[in-house]
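The following note sets out points for a colleague's review. Please read them alongside the coordinates.

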Amino acid sequence: MFYHTPIMLDEVLETLDVRRDGIYFDGTLGGGGHSLGIMKKGGRIIATDLDGDAIAYAGKLFDGEGFGGRYTLVRNNFKNFAEVLDGLGIDGLDGALLDLGVSSHQFDEAERGFSYRFDAPLDMRMDTRGGLTAYDVVNGYSPEDLLKVLYEYGEEPFAKRIVNNIVRKRENGDIRTTGELATLIENSVPHRKGGHPAKQTFQALRIEVNGELDGLGEAVEGIIGRLKRGGRMCVITFHSLEDRIIKKTMKTMATDCLCDKSIPICVCGHKAEIKIIKTNKKATDEERENNSRSKSASLRAAEKL
C-alpha cells in the first residue's frame with residue numbers, strides 16, 4: 001500500500017522549525033510523511049485522519065522507523081481537534097499542519113470512488129464508516145441543490161448542462177458508478193483544455209460528501225489558538241476555494257483592527273494573534289516535475305504572537 005509523497009516536505013519542516021520534544025498536531029495524517037519528518041527532527045506527534053487505512057499504514061511506518069511511543073494517532077476529523085487534544089490532556093502545541101485534499105492512495109484505490117479514471121461505485125467518502133456518499137448526492141439531490149454543489153464547489157461553467165443530463169438519466173435508473181457519471185459529463189460539455197472534463201464535477205461531489213469546506217476557517221482559527229507563543233501552523237491547499245478560506249482566516253487573525261476604515265478610531269478592540277510568515281508558497285520546479293500532485297499545492301503559514 002502506498003499513500004503519497006508528502007508535499008513540500010522540506011519547506012514545511014523548515015517553516016515549522018521543529019523543537020526537540022515539542023508537540024505537533026498533524027490534522028491530515030495521510031501516509032504519514034510529514035509526521036515522520038517532524039519526528040525525525042525530534043518532535044512528538046498527535047495526528048488525526050478520517051481514513052482507517054491511513055491510521056493503520058502510518059502506525060506501521062512509524063513503528064518500523066523506530067518511533068513507537070513518540071506519536072498518537074486518532075481516527076477523527078481534524079475539525080474535532082479540541083476534543084482530541086482535551087482527551088489527551090494537551091493544552092499547548094508547538095506547531096500544527098494541515099495538508100488538505102485527497103491522498104494519492106484514495107485516488108488510486110478504485111473502489112473508493114474518488115477518481116474518474118476507474119469504473120467503481122460512486123462513493124468518495126474519506127470516512128468509510130458511514131454517512132453521505134456521492135451516489136446519494138448524484139441520485140438523491142434535487143436539480144437545484146445539485147446545481148448549487150457543482151457551481152459553488154466545482155466552479156463548473158457547464159453545471160446546468162451536466163445537471164440536466166443527470167436528471168434525464170435518473171428518469172431511466174440510478175447512476176451507480178464513476179464510469180457512468182464520467183461518460184455522462186464527457187457527453188455534456190465541449191472539449192476543453194486543462195484535464196478531464198469530469199474533474200470539476202468530481203471535485204464538487206467530493207467536497208460535498210466530506211463537508212470539506214464546512215467549518216474550515218473556524219478549525220484553523222481554533223488550532224492556531226492552541227499554539228504556544230512562537231508556535232507555527234502550516235496549511236497546504238490544492239484549490240482556490242479552500243485557499244481563499246485559509247487566506248481570509250489568517251489575514252483576519254494577523255490584523256490589529258477590523259473596523260471600517262471610515263471610522264477614525266478603533267472600536268472593535270481586535271488584536272493580531274499571529275504574524276503571517278508564508279503566503280501562497282509553491283512547490284519547486286523539481287518537485288512539480290517529479291510529483292504531479294504538487295502542481296496545484298499552495299503553502300500558507302503563520303506564527304503565534
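**Notes on the predicted model**

1. The protein chain carries 43 positive and 47 negative side chains, and the centres of the two sets are 4 Å apart. Lys and Arg are counted as positive and Asp and Glu as negative, without His or the chain ends; each charge is placed at NZ of Lys, CZ of Arg, CG of Asp or CD of Glu.

2. This is a predicted model, in which local features need pLDDT of at least 70 and side-chain atom pairs count only at pLDDT 80 or more, while totals for chains, interfaces and linings use all residues. Residues are numbered from 1 along each chain as its sequence is written, and side-chain values use heavy atoms, leaving out hydrogens and water.

3. The secondary structure comprises 13 helices and seven strands (DSSP runs numbered from the N terminus: H or I of at least four residues, E of at least two). The radius of gyration, taken over C-alpha atoms, is 21 Å, close to the 19 Å that the globule rule gives for 305 residues, so the protein chain is as compact as a globular protein of that length. That rule is 2.2 Å times the number of residues to the power 0.38.

4. Buried residues (under 20% relative accessible area, 1.4 Å probe, protein chains only) make up 52% of the 305 residues.

5. Nine of its twelve residues are buried, so H10 is largely enclosed by the rest of the structure; among them are Phe-202, Leu-205 and Arg-206.

Terms used: Buried < 20%, exposed > 50% of the residue type's maximum accessible area, 1.4 Å probe, protein only.
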